[in-house]
Amino acid sequence: MLRVSYSDTYQVPLPFKHRFPMQKYELLREQLLYQGILEPQQLYIPEFIKEEIILITHDEEYWARVKNLRLSIQEERRLGFPQSIALVRRSIASASGTFWSSLYALTEGIGVSLAGGTHHAYKDRAEGFCILNDVAISLNYLIQQKKICKGLVIDLDVHQGNGTAKIFEDHTAVFTFSMHAHENYPFAKERSDLDISLPTGTGDENYLSILKSTLPSVITQFQPDIIYYIAGVDVLATDRLGKLNLTLEGCKKRDELVLELAQSLQIPIVVVMGGGYSNHYADIINAHTNTIKVIKNLYD
Ligand SMILES: [Zn+2]
């Protein structure tokens, strides 16, 4: 049975301008249940991971500042959210969702979290709404525990996965692939193992043809034991922060391309949600819902 992690702590009370990016998680869960795409028993609340797992990846002093709400004004500004206990709990819950989804993926072939993809977090600093780098935390744990030898990150959120790229800069066990809008945050980009910077306005046809001509060889050459797919839907044309021009259908085809490859090559895959900031809320929810539909068609 396909199992999907979700926690009520994903929703954090925030000033109005930030409210929706948080609300989407609850709306997504409601829509998946309402449309009968998931049954209630398929959802589980991820148990909080132990601090020592976080500290394999993150710097101890940084994590102490986060927990004790002692981020400096500059650090808070870089994060983009006001710090709060609720936000700390949310960050742990989200990293935990990715963590348990990783263990599911290793036994079931697929693990899904209705959160995660906080790829701007560095080992010692918060950035761009991200405090903990969920994918890095899980990957570093799996490698340390010798559950896998090699992991591939396919980051198709519209923003570059700068935190992830930096964390794994010198790790030959992890291959980071980021395809993103060039003229977009973060403006000082890090170096992933493979970056594809797309021009503003790139639409379905070019996007999909670039992905199709790149991804299969990345996977077959690197031969990962696990794939992390950051399925951000901020690639949509209606996204406020996006700058690309994908349609809902194009975004779904992107998901199919990634997931069909993983499934046909029998490589465990962990899917996390990533960003989505369209002013047209239905677009965000429908695009994320499509990701889950694609997974359900292939794996359930
Ligand atoms: Zn993004």
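Modeller: Let's start with the word itself: on a 1 Å grid over the protein atoms alone, a pocket is an open set of points where a 1.4 Å probe fits, with protein on both sides within 12 Å along at least five of seven lines, and lining residues have an atom within 4 Å of a point. The model is predicted, with local features needing pLDDT of at least 70 and side-chain atom pairs pLDDT 80 or more, while totals for linings use all residues. Residues are numbered from 1 along each chain, and side-chain values use heavy atoms, without hydrogens or water.

The largest pocket holds about 170 Å³ of space, counted as what probe spheres set on the joined grid points fill. Around it you'll find His120, Gly128, Phe129, His159, Asn184, Tyr185, Leu241 and Tyr277. That lining splits into four nonpolar and four polar residues, with no charged ones; Tyr counts as nonpolar here and Gly as polar.

Now hop over to the second largest pocket, at about 150 Å³. Its lining has four charged residues, alongside three nonpolar and three polar. Lys123, Asp124, Arg125 and Lys166 are among the residues there, together with Ile56, Thr57, Tyr122, Asn140, Ile167 and His171. Helix H2 (51-57) and helix H7 (162-167) each bring at least two residues to this lining, a helix being a DSSP run (H or I) of at least four residues and a strand (E) one of at least two.
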